[in-house]
Amino acid sequence: MIIAIDLGTTNSLVAVWRNGQAEIIPNGLGEHLTPSCVGLDDDGSLLVGKAAQERLQTHPELSASLFKRYMGSDKRITLGNKAFRPEELSSIVLRALKADAEAYLGEPVNEAVITVPAYFSDAQRKATRHAGQLAGMKVDSLLNEPTAAALAFGMHQQQAESKFLIFDLGGGTFDVSILELFDGVMEVRATAGDNFLGGEDFLQAMTVDFLKRSGLAERLGDTPLDARQARKLREEMERGKRALTEQPGITLRVHYDAQEYRCELDEDTLARLAEPLLERLRQPVERAMRDARIRTNELDKVVLAGGATRMPLVRKLVSRMFGRFPDISVNPDEVVVLGAAVQAGLKMRDEALQEIVLTDVAPYSLGIGISQQVGPTHYTHGHYLPIIERNTVIPASRSNSIATIKDNQEQVVVPIYQGESRMVSDNILLGELSVPIPKRKAGEVSLDIRFTYDVNGILEVEAKVLGTDEVRKLVILESPGVMTQEQIQQRLAELAELKIHPRDQMQTRTLLARADRLYEQSLGDRRHFLSQMIARYQAVLETQDSHLIRKEHVQVSQLLDQIERESQL
């Protein structure tokens, strides 16, 4: 059995293809969305999902979220006295999703299709594979999120040739892909995006505006909010952003130092605040359209994916750009995982699915560093020579020739880069290849540099000295900031010692974490009432009477719902 996982910045989902359809698997709380949050409980065990999310306010030093944004880097995120890499925290989320799938399906799961932003770099894709490996799964394939969305919309089942654009705005990343379907082939024509643009950035714009207009910034002066207060402020901005998808205006409220700070926010004001972000959304769309050499009137459909596309101002932007209403017929939170389940079904060769060939493109250009002649005897160094340009259909093999610039050189060092900038200093160094050459005058020795790039993100660089047939090869399997296989094996053993709360305890732990959060947010009689309610619930848990616990759980959950509604009035 191959499962499908949408590993998101803010929420993750798991699904399966069976009985001829894609089916989303609920987590231990019976919900489709599992927050991409990890935390340490007071006893040192791991909390994943909603339980960890609830403690982001009350225990920020023991909780983490948004770590997907740092995949492929060597950033360390500290929980208590333990430090984790982003892929390690992602692996903990994947382990929880794997456990949910095994409980739901009643059988072990060892393989997965995992989705990634189309604009993820080579290092970020390798880090995602490593996260799956750390979670105890074979990553059968990485599927670009826009391609998954196209599969969910059934684009692969259309008979006629068609062209469509997927606009995918999630919590932390933005992707746009243009795909074409013909003769049973779904080909990605172009992709572009921004790995640091998503719903979180709209929240940040709202936060800065609230601090200014509510007077809280003036009250704070140079004193920063502590982690708990900052988290409470962010949660209020999230509530406001969601509310604005259903009503024209809302009131934002935050308590600080026993005083309430508030300001009004409507859709027009949010659009003004978000103008720089909307422009950042527009630029990758225009670049993808240029790279695909396609006009807006040639698109058969524009599809929205990602939870952040629920915002009316985003939908209006897309409608203005393409002169039509986008397709929103599939839940934007679920569309990617549903498409990944289709891909899992194709991998398992399910008879209910029509066979289709999926092609992909290189999201970034790959090339080398060279020197350029700017005078009879003068050269400037550090220039970039792309060999495989972005949006080249992969697998691909391309070559270019270079020549020596000094007399009697004994070797040529070929630095290999990924990026789009004219100078290599602004691109990412992937590795270097040293090639011995015969000692001759400048320009008399030439080398043919060939790049071969496959669908798994493996780049082979071959340098051939023309005239001597001397060949040197370098296969780039690892990237800067990505774990080595030795590190993965070491961390596998270490992570195995960290215990995740059992699924059957997760409902209880999540409810207690939620009650603790509301207790911290409350004052006076409400706080006293919550304290008594928590104590009563914990006393019932001590009885280990499952009937009493279920009954009390329902009552406490209903009371917390009521308190949460009243606190938002």
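This is a predicted model: local features need pLDDT of at least 70, side-chain atom pairs count only at pLDDT 80 or more; totals for chains, interfaces and linings use all residues.
Reader: How are two packed helices described?

Author: By the angle between their axes and the distance between the axes. Helices (H or I, at least four residues) and strands (E, at least two) are DSSP runs, numbered from the N terminus. Axes are lines fitted to C-alpha atoms, for helices over the stretch in contact, and angles run from 0 to 180 degrees between N-to-C directions. Here, α4 (residues 145–152) packs against α11 (residues 335–347) at about 80 degrees, with the axes 7 Å apart. The two helices are therefore roughly perpendicular; angles under 35 degrees count as roughly parallel, over 145 as roughly antiparallel, 65 to 115 as roughly perpendicular and the rest as oblique.

Reader: Which residues of α4 and α11 meet?

Author: Contact means heavy atoms within 4.5 Å. On the α4 side are Glu145, Ala148, Ala149, Leu151 and Ala152; α11 brings Val335, Val336, Leu338, Gly339, Ala340, Val342 and Gln343. By class, this contact has nine nonpolar, two polar and one charged residues. Ala, Val, Leu, Ile, Met, Phe, Trp, Tyr, Cys and Pro count as nonpolar, Asp, Glu, Lys and Arg as charged, and the others, Gly among them, as polar.

Reader: How is empty space found?

Author: Rolling a probe the size of a water molecule over the atoms shows where empty space is left. A pocket, on a 1 Å grid over the protein atoms alone, is an open set of points where a 1.4 Å probe fits, with protein on both sides within 12 Å along at least five of seven lines; lining residues have an atom within 4 Å of a point. Grid points are joined across faces, edges and corners, and a volume is the space filled by probe spheres set on the points. The second largest pocket has a volume of about 710 Å³. Its lining has 30 residues, and the closest to the centre are Arg129, Ser141, Leu142, Val455 and Asn456. Elements giving two or more residues to this lining are α3 (122–134), β11, α11 and β18 (357–361), and α3 gives the most, with five. By class, the lining has twelve nonpolar, nine polar and nine charged residues.

Reader: Is Asn144 buried or exposed?

Author: Buried means under 20% relative accessible area, exposed over 50%, and partly exposed in between (1.4 Å probe, protein chains only). Asn144, in strand β11 (residues 138–144), has 3% and is buried. Not counting residues up to four places away in sequence, Asn144 touches Val116, Pro117, Ala118, Arg125 and Asp360. His381, in strand β20 (residues 379–388), is exposed at 53%.

Reader: Which residues other than glycine have a positive phi?

Author: Asp257 is one, with phi near 55 degrees, in the loop between β15 (249–256) and β16 (259–266). Arg293 is another, at about 55 degrees, in the loop between α9 (275–292) and β17 (301–305). Asp257 is exposed at 56%, and Arg293 is exposed at 73%.

Reader: Which residues does a cis peptide bond join?

Author: Ile394 and Pro395, with omega about 5 degrees.

Notes:
Residues are numbered from 1 along each chain as its sequence is written. Side-chain values use heavy atoms; hydrogens and water are left out.
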